[in-house]
Amino acid sequence: MNNMHKDIIIIGAGVSGIGAACHLSRKHPNKSYTILESRKEIGGTWSLFKYPGIRSDSDMYTFGYSFKIWDNPKSFADAPSILKYLNEASNEFKIKNRIKFQKRAISYNFNSKKKIWSIVTLDTITNKEEVYTCNFIFSCSGYYNYDKGYTPKFKSQSDYKGDIIHPQKWPKNFDCKNKKIVVIGSGATAVTIVPKLASKASHIIMLQRSPTYIGAFPNKDKVANIIKNIFPKKLAHSIIRFKNILFQIIFFKLCRSFPDNMKEFIIKGAKKQLGDFPVDPHFIPDYKPWEQRFCIAPDGDFFKVIKDGKASIITDNIDCFTKNGILLKSGKKIETDVIITATGLNLLPFGGSKINIDSVPFDISKSLVYKGVMLSDLPNFFVFAGYTNASWTLKIDLTNDYISRVLKYLENQNYSAIKAKINDNNLDSIPLLNLDSNYIHRSANLFPKQGNKIPWRLHQNYILDYKLLCIDKIKDKSLIFF
């Protein structure tokens, strides 16, 4: 085989790709692998986004890897801290020299006779195509478009004379000092940007069509610090991680089982943080908790700037942009120097790469996801997709553990390929992602589906997935080995 052939090719050098490479280096040092990364550095989301205050919405004890200690006192880390952590992991497991930067995977083709994948890449510097081959593909490219975020079309947008910024394309030397700013949106990005800019801007408004659930969580975990003082580092990390996993599962379950009580509890928490500032209508969403992503305000930073009057919220609909700002449907006018459109992402499955089997196009939207790690009828292709209701990396770690078991099983049984096959005529398909968010609805037709029964149904629960992926037997009636 030529030097372009590897046992495994990992697509993407973000949190998932670096994690997959670390697992291979730890558990399968005999396997050759390469990481193809379309950008010029590792980090994925955490090196792409540059907007002020970008941070994880999940605690780092669960967002970090199970095998690498998070040794920072802050639970909710900013992007530079996460990048530092990823670089440390890369150096520790000698991954950097396995990465081919600025190689965008544009198409995959599986040769059924040879049981080999061919990957056509585009060099983003030279514009030349290259072909890599491998036995297995690990798809770690995330789920959204890195080139462009989502901005709805606003009426008379061209009339506006100020700056319009999407957080995904944050300008390098942007200075917000003494400027009036409007942030359109109410999701995690808006909740992060508003407190960060509030101290410098003359005033900042979060303009939302409808409210989101926001909770204040301490950025320093007191219980975690006590555990760290009692136990050795590695054991302490495992205990804190397990504690936080249980908290996430219980909180999500309570939100889904007792939505009215949890809604009251969350709104009461917001009211306590806000003092005299009214929660109605700005903090009372019209959906149940965890039907959309839950937003975190570390140390209540978002609530503080609202309470102190450094920032404000307007809940209304946009009629149109004007020369100096925004006209709302209520008739209210907002004058502003800068409009930040924190209006979401464009989803893009598998980085937009085309997938073929024996040169015949494979339609991923017609396939179902097996155990959250493979697509039906797609051989030797592993999907890395994290949780939507908990830390992304928790599921990535379980996916790696499962794949490790699969690789050992194939080796021991002298097989070279694995494929998931639907053999249940009563299996119904349902949407893959379990959130009622607009950005998911916009792209649902592009993605695979899940089934209504295990192993085609996603648990979205770490403990149940641990059993499914790390304990249950590899061989089952939905898998074909050859």
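Visitor: How much space lies in the second largest pocket?
Guide: About 620 Å³, where a volume is the space filled by probe spheres set on grid points joined across faces, edges and corners. The model is predicted, with local features needing pLDDT of at least 70 and side-chain atom pairs pLDDT 80 or more, while totals for chains, interfaces and linings use all residues. Residues are numbered from 1 along each chain as its sequence is written, and side-chain values use heavy atoms, without hydrogens and water.

Visitor: Which residues lie nearest the centre of the second largest pocket?
Guide: D59, F76, F217, F247 and I296, out of 25 lining residues. Two or more lining residues come from each of β10 (214–217), α6 (222–230) and α7 (233–257). Helices (H or I, at least four residues) and strands (E, at least two) are DSSP runs, numbered from the N terminus. The most comes from α7, with six residues.

Visitor: What makes a space a pocket or a cavity?
Guide: On a 1 Å grid over the protein atoms alone, a cavity is a set of points where a 1.4 Å probe fits but cannot get out; a pocket is an open set with protein on both sides within 12 Å along at least five of seven lines. A residue counts as lining if it has an atom within 4 Å of a point.

Visitor: How do the residues lining the second largest pocket divide by class?
Guide: There are 12 nonpolar, six polar and seven charged. Nonpolar covers Ala, Val, Leu, Ile, Met, Phe, Trp, Tyr, Cys and Pro; charged covers Asp, Glu, Lys and Arg; the others, Gly among them, are polar.

Visitor: What lines the largest cavity?
Guide: Its lining includes I245, F252, Y387, L394 and Y462. Five of the lining residues come from α7, the largest share. By class, the lining has seven nonpolar, four polar and one charged residues.

Visitor: Which residues line the second largest cavity?
Guide: They are A20, H23, L24, H28, F138, N400, I403, S404 and L407. The elements giving two or more of these are α1 (15–27) and α10 (392–412). With four residues, α10 gives the most. Five lining residues are nonpolar, four are polar and none is charged.

Visitor: At what angle do α6 and α7 pack?
Guide: At about 155°, with their axes 9 Å apart. That makes α6 roughly antiparallel to α7, because angles over 145 degrees count as roughly antiparallel, under 35 as roughly parallel, 65 to 115 as roughly perpendicular and the rest as oblique. Axes are lines fitted to C-alpha atoms, for helices over the stretch in contact, and angles run from 0 to 180 degrees between N-to-C directions.

Visitor: Is the way α6 passes α7 a left-handed or a right-handed crossing?
Guide: A right-handed one. The rule asks that the near helix be turned clockwise from the far one by less than a right angle, whereas anticlockwise is left-handed. V223, A224, I227 and K228 of α6 make the contact with A236, I239, I240 and K243 of α7, where contact means heavy atoms within 4.5 Å. Six of these residues are nonpolar, none is polar and two are charged.

Visitor: Why are α10 and α12 called roughly parallel?
Guide: Their axes come within 8 Å and cross at roughly 15°. That angle makes α10 roughly parallel to α12. The crossing is right-handed. Among the residues that meet are L394, L398 and Y402 in α10 and Y462, Y466 and L469 in α12. The contact has eight nonpolar, one polar and four charged residues.

Visitor: How closely do the axes of α1 and α10 come, and at what angle do they cross?
Guide: They come within 10 Å and cross at roughly 35°. This crossing is right-handed. Its contact includes A20, H23 and L24 of α1 and N400, S404 and L407 of α10.

Visitor: Is the peptide bond from D280 to P281 cis or trans?
Guide: It is cis, with omega near 5°. P281 is in the loop between α8 (259–274) and β11 (295–298). The bond from I454 to P455 is cis, with omega near 10°.
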